[in-house]
Amino acid sequence: NIAEKVNMATVAVKKKEATRDLDHCDIPYYVSEFVEREVGNDYDSLRKLDNLIDKLSENKKQLEEQVLTVSSEVPKRIQNALKNAEESKKSLSRLLEEETLLSASINSHLLKAQPWMEDLDVLISQVEEIERHLSYLKWISRIEELSDSIQQYLMTNNVPEAASTLAFMAELDIKLQESSCSHLLAFVRSTVKFWHKILKDKLSSDFEEVLTQLRWPFVGPPQSQAFGLAAPASAPDVYNNLEMLFCQLLKLQTSDELLTKPKQLPEKYSLPPSPPIILPIQIMLNPLQKRFKYHFTGNKQTNVLNKPEWYLTQVLMWIGNHAKFLDDKIQPILDKAGSSVNAGLEFSRALVMLILEKLAADIPCLLYDDTLFCHLVDEVLLFERELYSVHGYLSSFPSCMHILSEESCFQRWLTVEKKFALQKMDSMLSSEAAWISQYKDITDVDEMKVPDCAETFMTLLLVITDRYKNLPTASRKLQFLGLQKELVDDFRIRLTQVMKEETRASLGFRYCAILNAVNYIATVLADWADNVFFLQLQQAELEVRAESNAVSKLQLGQLASMESSVFDEMINLLERLKHDMLTRQVDHVFREVKDAAKLYKKERWLSLPSQAEQAVMSLSSTACPMLLTLRDRLLQLEQQLCHSLFKIFWQMLAEKVDIYIYQEIIMANHFNEGGAAQLQFDMSRNLFPLFSHYCKRPENYFK
């Protein structure tokens with residue numbers, strides 16, 4: 001009976017699957033699962049029931065013991081926790097009482113100490129004031145001591161020590177600049193000024209005397225200079241004096257910078273910051289500055305607006321005449337004194353400042369006279385070129401380009417540059433030799449077959465680049481780049497206009513010359529795009545556009561990744577014009593080929609004799625006009641177009657001829673064996689060889 005009941009229970013469990021409830025402790029599920037696992041369908045396993053019941057009873061007993069143990073331990077833990085809480089509460093109360101007592105004690109002490117604090121504050125203020133007075137007196141005493149020392153040194157003719165002491169006093173003056181003691185500052189500054197004037201006058205006088213003995217300045221060319229001395233025996237003494245005085249004057253540099261404000265041009269010229277010229281070089285420049293102002297200011301005959309080259313050349317001569325002396329005699333003194341100044345560059349920088357002042361005064365007077373202004377710009381650019389290339393002038397120094405970059409002057413320069421460029425373009429296109437290559441008789445040079453007008457135009461653009469590449473700011477360079485783009489576009493439009501006049505003679509000499517010109521300009525612009533100078537301009541343009549949000553993110557990305565260039569827009573327009581012109585030439589020749597092939601199309605391909613019936617295969621007579629036309633036009637255009645253009649031309653033409661023969665001759669006719677052989681002969685032995693001059697396997701272009 002028990003077995004039957006268990007069996008029925010098992011079947012019932014099978015029929016109705018117990019589903020597990022994950023959110024609750026589902027006892028029926030566990031029971032059914034346990035019975036299924038331990039008993040299953042095996043009736044023999046019912047013998048294990050006794051052992052199973054004993055095992056479960058034992059487990060139940062163990063669980064009950066665990067529950068009893070836990071239930072007896074929990075109250076003890078809770079009791080301990082409550083006890084600890086009570087102790088903490090008592091401890092906290094005790095601390096709060098102590099805090100109250102301590103707080104009351106502190107407040108009582110503060111009340112008692114308040115009068116003492118007030119008295120102490122007064123005493124501290126008095127001490128601080130006395131300390132300030134003492135410090136003030138110490139500074140006065142220090143300056144007076146230094147002043148007395150300088151006086152003593154001068155009385156004993158110890159000028160080097162006097163100069164060193166003055167330099168130390170000047171450094172103290174600099175340290176005191178943040179002080180609010182205006183009277184002390186005035187006292188220190190007046191003391192520095194007093195001794196600086198005395199020392200500077202004495203040293204300058206002695207230094208000028210030594211320079212006179214050396215026949216300074218050297219106004220003649222280097223070859224004719226007798227700098228040194230008439231009596232060579234005394235030369236070492238003079239050079240020793242030169243070195244000693246130069247070093248002593250160097251020590252006055254700090255005080256000289258404190259007391260002398262250098263002459264500065266207006267802010268509109270945006271000159272880069274530069275340190276004052278060192279004092280000994282200033283003294284050496286005095287006679288030259290006097291000469292410059294005498295000759296090139298006022299009503300002198302040498303001061304004329306139409307001769308800027310006079311003062312520019314004069315300054316270059318002075319720089320050249322004195323370069324050897326400065327390098328051989330002055331630079332070693334500077335190096336020995338631990339100065340980082342380059343004597344030659346310092347000398348050049350001071351003379352260039354004279355030029356800048358002169359330009360700033362002259363330019364407003366000739367701004368609206370195109371001839372004078374253009375001449376001035378040309379001379380300034382020549383001066384700059386020699387200054388940088390021959391005399392090693394640094395781009396970080398103030399230069400004439402800063403004056404030319406001033407807004408009103410720069411806009412005028414742009415306007416004049418454009419005006420003269422357009423005039424040049426008019427003359428080059430109207431010239432009789434405009435469309436003839438200068439190198440037409442020199443084969444290896446005339447590979448591009450560039451007409452004279454295109455080469456002259458690109459030379460004009462190159463000259464403009466040379467003129468503006470040393471401008472100090474990228475924004476000014478970009479404005480000139482914009483002018484170059486305008487000129488390229490203007491020249492393209494002019495070429496297009498001339499091309500339209502020649503459309504009827506699309507195979508003529510002038511039409512081909514225009515096409516060569518377009519190709520040459522596009523090629524040169526593409527080469528320039530990889531030039532470092534234009535890559536730098538591209539970067540500058542990218543930054544400007546990014547700031548102004550003037551272009552899309554895609555265009556910015558292309559510019560940044562160097563996929564495009566500053567000339568891309570111009571190159572694309574020129575390439576489009578080149579393609580249109582080539583297409584027109586190909587269409588013209590192809591029409592001629594089609595007209596010449598009319599009889600060949602009507603050849604009796606179905607009734608031609610087979611190859612076996614002919615002793616020798618010969619060219620179809622009707623194919624001769626077509627092949628002659630092709631040959632003549634290919635030879636003509638090979639001579640008139642440059643190699644790269646002609647390659648595109650013959651490949652485009654071959655493609656059209658290939659499709660024409662396939663569609664209009666092969667597909668439009670029926671062939672017998674003889675006709676097929678004849679067509680094969682005409683193509684492989686006569687048409688293809690016409691193109692074999694231009695490629696190794698011409699049949700590849702007639703698939």
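Buried means under 20% relative accessible area. Keep that cut-off in hand, because Phe688, at 16%, counts as buried by it. This model is predicted. Open it and follow the stops below.

**Stop 1: the loop between H5 and H6**

Select Pro217. It lies in the loop between helix H5 (182–213) and helix H6 (235–251). A cis peptide bond joins Trp216 and Pro217. Its omega is about -5°.

Next, select Arg215. Arg215 is found in the loop between H5 and H6. Its phi is positive, about 60°, although Arg215 is not a glycine. Is Arg215 buried or partly exposed? Arg215 is partly exposed, with a relative accessible area of 44%.

**Stop 2: the loop between H7 and H8**

Move to Ser270. Find it in the loop between helix H7 (253–259) and helix H8 (279–296). Ser270 is not a glycine, yet its phi is positive, near 50°. Ser270 counts as exposed, at 54% relative accessibility.

**Stop 3: charges over rings**

Select Lys300 and Tyr294. The charged end of Lys300 sits over the ring of Tyr294. It is 4.7 Å from the ring centre.

Then select Arg349 and Phe397. Here the charged end of Arg349 sits over the Phe397 ring, 5.6 Å from its centre.

**Stop 4: an aromatic cluster**

Select Phe410, Trp413, Tyr468, Phe480, Trp528, Phe533, Phe534 and Phe567 together. These residues form one aromatic cluster.

**Stop 5: aromatic pairs**

How many aromatic pairs does the structure hold? It holds 31. Visit two of them.

Start with Trp605 and Phe671. This aromatic pair is tilted, with 40° between the planes. The rings are 5.2 Å apart, centre to centre. The pair links distant parts of the chain, 66 residues apart. Trp605 is in the loop between helix H20 (598–601) and helix H21 (624–640). Phe671 is in the loop between helix H22 (643–666) and helix H23 (673–691). Trp605 counts as buried, at 1% relative accessibility, whereas Phe671 counts as partly exposed, at 25%.

Finish with Phe688 and Phe702. This aromatic pair is stacked: 25° between the planes and 5.2 Å centre to centre. Where does each partner sit? Phe688 is in helix H23, and Phe702 is in the segment after H23. They are 14 residues apart, and the pair links distant parts of the chain. Now use the opening cut-off. Phe688 has 16% relative accessibility, so it counts as buried. Phe702, at 11%, counts as buried too.

Terms used. Residues are numbered from 1 along each chain as its sequence is written. This is a predicted model: local features need pLDDT of at least 70, side-chain atom pairs count only at pLDDT 80 or more; totals for chains, interfaces and linings use all residues. Side-chain values use heavy atoms; hydrogens and water are left out. Helices (H or I, at least four residues) and strands (E, at least two) are DSSP runs, numbered from the N terminus. Buried means under 20% relative accessible area, exposed over 50%, partly exposed in between (1.4 Å probe, protein chains only). Rings of Phe, Tyr and Trp (its six-membered ring) pair if their centres lie within 6.5 Å; planes under 30 degrees apart count as stacked, over 60 as edge-to-face and the rest as tilted. A charge sits over a ring if NZ of Lys or CZ of Arg is within 6 Å of the ring centre and within 35 degrees of the ring normal.
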